[in-house]
Amino acid sequence: MLEKRVELEGMKVVEIEKCRNDIKKLREEMASRNNSCFYFSLSNFLEDNKKLTPRRDVPSYPKYMLSQHTIDALKKPAFDVWLWEANEMLSCLEHMYHDLGLVKDFNINPITLKRWLLCIHDNYKNNPFHNFRHCFCVTQMMYSMICLCSLQEKFTQVDVLILMTAAVCHDLDHPGFNNTYQINARTELAVRYNDISPLENHHCAVAFQIFSQPDCNIFSNFDPEAFKQIRQGTITLILATDMARHGEILDSFKQKVDSFDYTDEEHVTCLKMVLIKCCDISNEVRPMEVAEPWVDCLLEEYFMQSDREKAEGLPVAPFMDREKVTKPTAQIGFIKFVLIPMFETVMKLFPQIEEAMVQPLRESRDRYEELKQIDDAMNEKKKSENLTIGGKKK
C-alpha cells in the first residue's frame, strides 16, 4: 500500500510540474504576442462605490491532463480537497462539467466555461472558511453524490446543470460575517434584502451579474424560456442554503420521502434543495484529516465575527464566542442534530450513501464525544488541583 501511494504521489508531482511548465510556456507566448487581457468588473454591494475588478488573461491554457487516479478520486466523498492549488481546482471543476456531459448536451463554449470559472474564483473572498476552496469542496461533493446516487438516471440534465451551477455559485462574494451579523448590524445587504436571507440573495445576485457578461455566460445558447428555468432553479437552491430554513426544508422532504415521485416537480425541487444543503455542510463526511482543518477555519471565521460583535455592542452567539466554544462542543450537536438526521433521511432514497457518507458522520460524532470526555476530565482535574492549592494557601 505504501509503495502504491508513493507511486501515485510521484505521478501527481510529475503531473503538477508538467502543468506548471505548460502555464509558464503559455504565459511567455502570450506576453510576446501582447495578447489582450480579459477584464471583468463586478459591483461590490458590500462597500460603497468600490468595484471588484478581477483581471485575467483570456484563458487559453491547455486543459490539464488529470491522472486516472485523480479522475476516479474526484467521484468519491473522501476526496482530499487540501491537495490542490487554485488552478488545479479550476481544472477539476472544468472536468466535472465535461464528464457529466453538460458541455456537450447544452453546447457550452469550452472557452466560456474556463472564463466563467476563473471569474467565479476571483469573486470568492479570501475568508478563513467561506472561500473558493469551500466552493470547490461543495461542488466536488455534489459531483460525487451525482455519481454515487446515479442521479443522472433520475434527473434531467437540466436538473444536473442546476445542481452543479448552484454549488459553484452558492457563496459568491461572502463577506465572512453571517446573516445574523448582517441583520443586527443593519448592513447594506440586510437593508437591501429586508433582513430576508441577505447573504444568499447576494450570492444569487453576484452569480447572475457574472452571467450577464457575454464572455462568462455559459448559458448563451439557451433560449429565453430555458434560461428562465435555469435561473429560477439556481436561485431556489442557493436560497435553500440559508440554515435559518433548515427545519422547514427538511420537514418538507420528510413528508415526501416515503412516497417520493420523480415525476412530481415539487418533489424533485425539494430533493435538489436537500442535496445542496447536504453538500454545503458535508465536511464531516470526509476523512478526519480532511475534515478537521475545516473546523479550525470555521472557528477562526466565527471568532472574527464575535470579536467584531463585542466591539460593536451586538449580541454574540455562544457557539461563536472564543471564550466559550471548543472543537468538540462546536461539532457534537451539529453532527448529532443536523447532519446525521438529514443524511439518514436522504439515505431512505439512496441507501448507497450509508457506507460512504452516513457511517463517517457517525464515526466523527463518536470521535468528538470521546474528545469532549477527555476535555471534561482534564477540566475536572484542573479544578481539583486549583481547589487543593487554594486549601493549602489557607
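In this predicted model, Asp 280 is buried, with a relative accessible area of 12% (buried means under 20%, exposed over 50% and partly exposed in between, with a 1.4 Å probe and protein chains only). Asp 280 has its place in helix 13, residues 265–280 (helices are DSSP runs of H or I with at least four residues, numbered from the N terminus). Setting aside residues up to four places away in sequence, Asp 280 touches His 134, Val 138, His 170, Asp 171 and Thr 241 (contact means heavy atoms within 4.5 Å).

One of these partners, Asp 171, is also worth a look. Asp 171 sits in the loop between helix 7 (157–169) and helix 8, and is buried, with a relative accessible area of 6%. Not counting residues up to four places away in sequence, the contacts of Asp 171 are Tyr 124, His 130, His 134, His 203 and Asp 280.

An unreviewed UniProt entry places the feature "binding site" at His 130, Asn 131, Phe 132, Arg 133, His 134, Asp 171, Asp 280 and Gln 331; such annotations may be inferred rather than shown by experiment. From this set, His 130, His 134, Asp 171, Asp 280 and Gln 331 belong to the lining of the largest pocket. A pocket here is an open set of points on a 1 Å grid over the protein atoms alone, where a 1.4 Å probe fits, with protein on both sides within 12 Å along at least five of seven lines; lining residues have an atom within 4 Å of a point.

The largest pocket holds about 910 Å³ of space, the volume being that filled by probe spheres set on the points. Its lining comprises 37 residues, with His 130, Met 243, Ile 281, Leu 298 and Tyr 302 nearest the centre. Two or more lining residues come from each of helix 8 (179–184), helix 10 (198–211), helix 14 (288–311) and helix 15 (327–349), and helix 14 gives the most, with seven. By class, the lining residues are 17 nonpolar, 13 polar and seven charged (Asp, Glu, Lys and Arg count as charged; Ala, Val, Leu, Ile, Met, Phe, Trp, Tyr, Cys and Pro as nonpolar; the others, Gly among them, as polar).

Residues are numbered from 1 along each chain as its sequence is written, and side-chain values use heavy atoms, without hydrogens or water. As the model is predicted, local features need pLDDT of at least 70 and side-chain atom pairs count only at pLDDT 80 or more, while totals for chains, interfaces and linings use all residues.
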